[in-house]
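Student: I have a new structure to read. Please walk me through it, one feature at a time.

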Amino acid sequence: MIKHVKKTTYKQRRDRIRKNLSSYKTIDPITGKVKQKESKPEIRVKYILRSLGVLFEQEYKIRYLKSFKSYDFYCFKQGEYKLLVEIDGQYWHAYDYQEGHVPLSKLSKLQRRNIRNDRKKDILAKKSGIKLLRFWEKDIKTRVGWVKKQIVNEIEQQRNQNIIK
């Protein structure tokens, strides 16, 4: 018995992918712009920051040339601390490349673009005088205590520096 497999066209596949991706986006009621929904690691970090009593703003933007670079979280308390928190996904931010397991030539265009974008964000945060903490998605899933400790240590270090000044 021969099974007939219906071939899908490029247009059908593209439309199916667009439909799936649209479920990850919402429209900002204030600006009317499309923004992505929070990922699970972002939700976890948000709960971590709330449990620590840290004041924060999500999707914080810093001006870069003629556009903006968006950071996942900006934690601040006037005169005490200010830091940015970025959550990097294993695939999209090329964990294997960062660890030296995969050469740059094996990465997708999107992964290479994300690496360049991450470097620009690192430089921009440094120029702005704001400490940037980066966490991998796997660390947020498996080492929650370590993530909390890193955030608390940075906040305490900044508070102590402000007292000395």
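This is a predicted model: local features need pLDDT of at least 70, side-chain atom pairs count only at pLDDT 80 or more; totals for chains, interfaces and linings use all residues.

Student: Where does Glu80 sit, and what does its side chain meet?

Tutor: First, the general idea. Side chains of opposite charge can pair when their charged atoms come close. Here the side chains of Glu80 and Arg159 form a salt bridge, 2.7 Å from N to O. This pair links distant parts of the chain. Glu80 is in the loop between strand E4 (67–77) and E5, while Arg159 is in helix H6 (residues 144–164). They are 79 residues apart. Arg159 is partly exposed, with a relative accessible area of 26%.

Student: How many salt bridges does the structure hold?

Tutor: It holds 10. Let us take another one.

Student: Which residue does Glu86 pair with?

Tutor: Glu86 pairs with Lys121 in a salt bridge, and their closest N and O atoms are 3.1 Å apart. Distant parts of the chain are linked here too: Glu86 is in strand E5 and Lys121 is in helix H4, 35 residues apart.

Student: Are Glu86 and Lys121 buried or exposed?

Tutor: Read the percentages. Glu86 has a relative accessible area of 2%, so Glu86 is buried. Lys121 has 8% relative accessibility, so Lys121 counts as buried.

Student: What does Arg134 form with Asp88?

Tutor: Arg134 and Asp88 form a salt bridge, with the closest N and O atoms 3.0 Å apart. Arg134 lies in strand E6 (residues 131–136) and Asp88 in strand E5, so the pair ties together parts 46 residues apart in sequence. Arg134 counts as partly exposed, because its relative accessibility is 25%. Asp88 counts as buried, because its value is 4%.

Student: Which residues are joined into one network?

Tutor: Salt bridges that share partners join them. The network holds Glu86, Asp88, Asp118, Lys121, Asp122 and Arg134.

Student: Now step back. How many helices and strands does the protein chain have?

Tutor: There are 6 helices and 6 strands. To read their order, follow the sequence. The pattern is α-β-β-α-β-β-β-α-α-β-α-α.

Student: What share of the residues is buried?

Tutor: Buried residues are 28% of the 165 residues in the protein chain. The accessible surface of the chain is about 12400 Å². Carbon and sulfur atoms account for 53% of that surface.

Student: What do contacts say about the chain?

Tutor: Look at separation in sequence. Among contacts with a separation of 6 or more, 47% are between residues 24 or more positions apart.

Student: What is Lys46 in contact with?

Tutor: Lys46 lies in helix H2 (residues 40–52). Setting aside neighbours within four places in sequence, Lys46 contacts Glu38, Phe56, Gln58 and Phe73. Lys46 counts as buried, because its relative accessibility is 13%.

Student: Which residues gather in a patch of positive charge on the surface?

Tutor: Lys109, Arg112, Arg113, Arg116 and Lys120 gather there. Take one member, Arg116. Arg116 lies in helix H4 (residues 109–128). Its relative accessibility is 47%, so Arg116 counts as partly exposed.

Student: Which residues make the nonpolar surface patch?

Tutor: Tyr91, Trp92 and Leu110 make this patch of about 310 Å². Tyr91 lies in the loop between strand E5 (81–88) and helix H3 (95–98). Tyr91 is partly exposed, because its relative accessible area is 48%.

Student: Last, the backbone. What is phi of Glu59, and what of Ala94?

Tutor: Look for positive values in residues other than glycine. Phi of Glu59 is near 50°, a positive value. Glu59 lies in strand E3 (residues 56–64). At 36% relative accessibility, Glu59 counts as partly exposed. Phi of Ala94 is near 55°, also positive. Ala94 is in the loop between E5 and H3. Ala94 counts as buried, because its relative accessibility is 3%.

How values were computed: Residues are numbered from 1 along each chain as its sequence is written. Side-chain values use heavy atoms; hydrogens and water are left out. Helices (H or I, at least four residues) and strands (E, at least two) are DSSP runs, numbered from the N terminus. Buried means under 20% relative accessible area, exposed over 50%, partly exposed in between (1.4 Å probe, protein chains only). Contact means heavy atoms within 4.5 Å. Accessible areas come from the Shrake-Rupley method with a 1.4 Å probe; for residues, only the protein chains shown count as cover. Patches are made of residues with over 30% relative accessible area and no salt bridge: like charges are joined within 9 Å, nonpolar side chains (Val, Leu, Ile, Met, Phe, Trp, Tyr) within 5 Å. A salt bridge is a side-chain nitrogen of Lys or Arg within 4 Å of a carboxyl oxygen of Asp or Glu. Lys and Arg count as positive and Asp and Glu as negative; His and the chain ends are not counted. The place of a charge is taken as NZ of Lys, CZ of Arg, CG of Asp or CD of Glu.
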